[in-house]
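I opened a new notebook page for this structure. These are my entries, in the order in which I looked things up.

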Amino acid sequence: MTESIRVEHVSKDFTLRYHRTFKQMTVAMLKGQEVSDRFTAVDDVSFSVEQGESIGLMGLNGSGKSTLLKMINGVMRPDRGRVLTRGRIAGLIATGAGFHPQLTGRENIYLNAAVMGLTQKETDRIFDDVVEFADIGRFLDTPVSTYSSGMNARLGFSVAVHIDSDIFLADEVLAVGDKPFKRKCLERMEEIRQSGRTIFYVSHAAASVKKMCDRVLVLEKGKLAFDGDVDDGIKYLKYGDDDENAPDEFDGLENDDAELGADI
Amino acid sequence: MTDMGTATPDAPEVQERTIRVVDAPLAPPSDNLGLLSVFRRRYLLRLLVRREIQARYANSVMGLFWSYINPMSQFFIYWFVMGHIMGAHKGIPNYPVHVFSGMIVVHFFTETFGSGTRSIVRNKSLVNRLALPKEMFPVSAMLVSLYHVLPASFILLIACLASGWVPDLGTVFGILLGLGIIMFLGTALALIFSVANVFFRDFGSAVGIMSNFVRFGVPMIYSFEQIHTKFGHWADYYMLNPIANAVLLFQRAFWVQTTKYPHWTIKHKMPEHLWIDGLVALGASMVVLVIAQLIFNRFENRIPERL
């Protein structure tokens, strides 16, 4: 087994600024108020992921999931500690991948693939599959700003899954998009999982985490509160106790929304 | 590893997963080589530059033609107002070419500076979600501006040929050295200001004012000779401005060669140590670029959270 992701004592601070203009800042300073404050979004988190594992990252809103994901993806760097990854990373950070609104879908596919390290030839090879999976039809050659949020997410997801990456990150991928597409996504994620790629999946939907993941990490106010078995992790979050998530308890029952993750 | 999906009712069977062998070392996901990683990823840089050029003329009927009209109109204003009304034609032979060869350099610089400063903020959708060297954006802003030098040069070339231009070896060196100075200096300032603009948008507004100073701080609408006669040896300090050097190098390349006796013009209208000054300015710009990279590294980590 090779290590795929290693996170060592990683912390990330954010600076909060209460006042925007120089005048406001001066007034606040004279009054002896705080001008800025720091808070720790991710606080001394350590874990290690083996190649081929699929991890469900859970936690309440604001618990630092996206920040952690951004550090694994390389968008952000930790203030303390270090993140190490092996191989190519692809995936979605928050819904709607990094698209340039003025460029067409076609151009954005090439740009996105290039950012993830593909050459033009490699992109040419996957291009048709990407377009077919995203199913955006004749919108392919119109600017991405004209896309609906669902189309945007579909195209982003499609690019990410077709890139032959070693690590696949997915942040609330299934939050937008209609039922047929969600189902298609889940199938595709299952394929990715079977191909031995490491999956890092952020979701609130307990059922889809149960379906997809071997292991759950739970973040609580930036700290790693739980690391272990999927069922225990979900129990830890007490998701199962809530009335609205009741269908989760009937695993045999086909409940699409709970399974696919309807929440953002 | 076995499938743990016991909770999945529709899973066909528990299957053995493929073991994927990744032939790569464990490494930090964000590469921290600064400008070096920009040039390592030239394909991505090319896409960004092309995208920038296309985006600028998107939804425009005249398209790239605007980049010919813009310098042409400015050229005309300087030529008419400064040349005819203010009478600069009398003092400076072949005044339009004098202005225009300077204007190309000034434009290249102010455009790099301006669009470079805004580049990271403008691309926040990418910066926030994709892991790419952030130096990519100021550098591509510089390259887009360099691309826009072409249409203006084309107009200059026509003006030069119409006024009996005879290029020499100094033309080639003047162009290369002049462009080199602006490329390094422009990228350096774009790097510093692009990151500063993320923290305080005030920098974006300040750039416009600074560009104004640049326009009048170089021997474009007036000649170096005028500076020299007015300020004497203080003109040496004037030459500390690398952009003024670049402008003079371009004038050496184009304007000087259109005058009646180029050798006489070089001797009497150009600075004494034009080439040495130019090389020093190039070296200084490179040093500034290194400093800019260090400043950029210092603040780069905070960019995504402040966008």
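**Ground rules.** I take helices (H or I, at least four residues) and strands (E, at least two) as DSSP runs, numbered from the N terminus. This is a predicted model, in which local features need pLDDT of at least 70, side-chain atom pairs count only at pLDDT 80 or more, and totals for chains, interfaces and linings use all residues. Residues are numbered from 1 along each chain as its sequence is written, while chains are lettered from A and ligands numbered from 1 in the order in which they are written.

**Confidence.** The model has ipTM 0.81 and pTM 0.86. pLDDT is the predictor's confidence in each residue, from 0 to 100. Chain B averages 87, and 95% of its residues score at least 70. Residues 1-14 of chain B stay under 50 in pLDDT.

**Chain A, overall.** I found 9 helices and 9 strands in chain A. For burial I use C-beta atoms placed from the backbone: a residue is buried if 20 or more others lie within 10 Å of its own, exposed if 12 or fewer, and partly exposed in between. Of the 264 residues of chain A, 50% count as buried. Two residues are in contact if their C-beta atoms, placed from the backbone, lie within 7 Å. Among contacts in chain A with a separation of 6 or more, 71% join residues 24 or more positions apart.

**The sheet.** Two strands pair if DSSP finds at least two bridges between them. I traced an open sheet of 6 strands in chain A, in the order β5-β6-β7-β3-β8-β9, with mixed pairing. Its edge strands are β5 (89-92) and β9 (223-228), each pairing on one side only. Direction ignored, neighbouring strands are turned by 15° against each other on average.

Then I checked what packs on this sheet. Helix α8 (residues 230-237) of chain A does, touching β3 (54-59), β8 (215-220) and β9 of chain A. The direction of this helix makes about 25° with that of β8(A). Axes are lines fitted to C-alpha atoms, for helices over the stretch in contact, and angles run from 0 to 180 degrees between N-to-C directions.

**Strand β7(A).** I followed this strand residue by residue. Strand β6 (residues 167-171) of chain A pairs with β7 (residues 198-202) of chain A in the parallel sense, over 5 bridges. Leu169(A) stands opposite Phe200(A), and Ala170(A) has Tyr201(A) as its bridge partner. β3(A) also pairs with β7(A) in the parallel sense, over 4 bridges. There the bridge partner of Ile55(A) is Phe200(A).

How many residues of β7(A) are buried? The count is 5 of its 5. Thr198(A), Phe200(A) and Val202(A) point one way, Ile199(A) and Tyr201(A) the other.

**Single residues.** I looked for positive phi outside glycine. His9(A) has phi near 45° and lies in strand β1 (residues 3-17) of chain A. It has 12 C-beta neighbours inside 10 Å, so His9(A) counts as exposed. Asp44(A) has phi near 50° and is found in strand β2 (residues 36-50) of chain A. Asp44(A) is partly exposed because 14 other C-beta atoms lie within 10 Å.

**Where the chains meet.** I counted 35 residues of chain B in contact with 47 residues of chain A. On the chain B side, β1 (26-27), α2 (42-56), α6 (124-127) and α16 (303-306) each supply at least two residues. The largest share, 5 residues, comes from α2(B). For classes, Ala, Val, Leu, Ile, Met, Phe, Trp, Tyr, Cys and Pro count as nonpolar, Asp, Glu, Lys and Arg as charged, and the others, Gly among them, as polar. This side of chain B has 22 nonpolar, 8 polar and 5 charged residues.

Strands cross the boundary too. Strand β4 (residues 80-86) of chain A pairs with β1(B) in the antiparallel sense over 2 bridges. Arg86(A) has Leu26(B) as its bridge partner.

**Two helices in chain B.** The axes of helix α8 (residues 169-199) and helix α9 (residues 202-216) of chain B come within 7 Å and cross at roughly 135°. That makes α8(B) oblique to α9(B), because angles under 35 degrees count as roughly parallel, over 145 as roughly antiparallel, 65 to 115 as roughly perpendicular and the rest as oblique. Phe193(B), Ala196(B) and Asn197(B) of α8(B) make the contact with Phe203(B), Gly204(B) and Val207(B) of α9(B).
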